[in-house]
Amino acid sequence: MSDARNGDFREFAAARLTPLYRFAVLLTGHHQSAEDMVQETLARIYVVWGSRDLSDPIAYSRSTLMNVFLTSRRRRQGSREHLHALVPDSPVAGADVPLRVDLQRALNQLKPVDRAIVVMRYLEDLPVEEVACALHLSPGNVRVRAQRARTQLERRLSLDQVTASGEEPAS
């Protein structure tokens, strides 16, 4: 790879590192897994960086991250590896920490594709068409799955809040 292309890749990787990491943490719920996914994603992009005309490298990076996530989930289902609950590497400032933990726990209970849809649509604020393209789904399928997943999240989050307050959940 030429020095100019190599420099272009370094600039791209430096600019996308934080957004990709945040996206990966939301998908996996685990900082170490997120770091591994981002590293693998950037390695895959580096391989094709000089050989492909990447018209939208940001979209390509998201799509690649999604493929890494879904592939790693399939691989892990066949292994004996078990990840434990979210334990932050460092304390997070702010009063919304319990809500973040509840949200991450609720996200982890969704199917991997549904979790990816929720993260991309609602947390990354991507249009339906871009989510559909990244996940190789139809836009209609993305809309339906997003709504169902959002309903599940809302239900789980409201149950967590009721349980935390000590009230009996309504039937």
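Q: In which helix is Ala15 found?
A: Ala15 is found in helix α1, residues 3-28. A helix here is a DSSP run of H or I with at least four residues, a strand is a run of E with at least two, and numbering starts at the N terminus. Residues are numbered from 1 along each chain as its sequence is written, and side-chain values use heavy atoms, leaving out hydrogens and water. The model is predicted: local features need pLDDT of at least 70, side-chain atom pairs count only at pLDDT 80 or more, and totals for chains, interfaces and linings use all residues.

Q: Why does Ala15 count as exposed?
A: Exposed means over 50% relative accessible area, buried means under 20%, and partly exposed lies in between (1.4 Å probe, protein chains only). Ala15 has 54% relative accessibility, so it counts as exposed. Its C-alpha atom is 10.0 Å from that of Ile58, which is 43 residues away along the chain.

Q: How many helices and strands does the chain have?
A: The chain has 7 helices and 0 strands. Of its 171 residues, 36% count as buried.

Q: Which helix has the highest confidence, and which the lowest?
A: Confidence is given as pLDDT, the predictor's score for each residue from 0 to 100. Helix α2 (residues 31-49) is highest, with a mean of 93, and helix α4 (residues 97-108) is lowest, at 80. Over residues 77-88 the pLDDT is below 50, and this stretch has 12 contacts in the model beyond near neighbours in sequence. Where pLDDT is low, predicted coordinates should not be read in detail. The average for the chain is 81, and 77% of the residues score at least 70.

Q: What describes the packing of α5 and α6?
A: Two packed helices are described by the angle and the distance between their axes. The axes are lines fitted to C-alpha atoms, for helices over the stretch in contact, and angles run from 0 to 180 degrees between N-to-C directions. The axes of α5 (residues 112-123) and α6 (residues 128-135) come within 10 Å and cross at roughly 145°.

Q: Which residues of α5 and α6 make the contact?
A: Contact means heavy atoms within 4.5 Å. From α5 come Val113, Ala116, Ile117, Met120 and Arg121, and from α6 come Val128, Val131, Ala134 and Leu135. Ala, Val, Leu, Ile, Met, Phe, Trp, Tyr, Cys and Pro count as nonpolar, Asp, Glu, Lys and Arg as charged, and the others, Gly among them, as polar. The contact therefore has 8 nonpolar, no polar and 1 charged residues.

Q: Why is Leu135 called buried?
A: Leu135 has a relative accessible area of 10%, so it is buried. Leaving aside neighbours within four places in sequence, Leu135 is in contact with Met66, Leu70, Val113, Ala116, Ile117 and Met120. The C-alpha atoms of Leu135 and Ala116 are 8.5 Å apart.

Q: What span is expected of α5, and what span does it reach?
A: The expected span is 1.5 Å times one less than the number of residues. For the 12 residues of α5 the expected value is 16 Å, and the helix reaches 15 Å from its first C-alpha to its last.

Q: Why does Asp125 count as exposed?
A: Asp125 has 62% relative accessibility, so it counts as exposed. It is found in the loop between α5 and α6. Its phi is positive, about 60°, although Asp125 is not a glycine.
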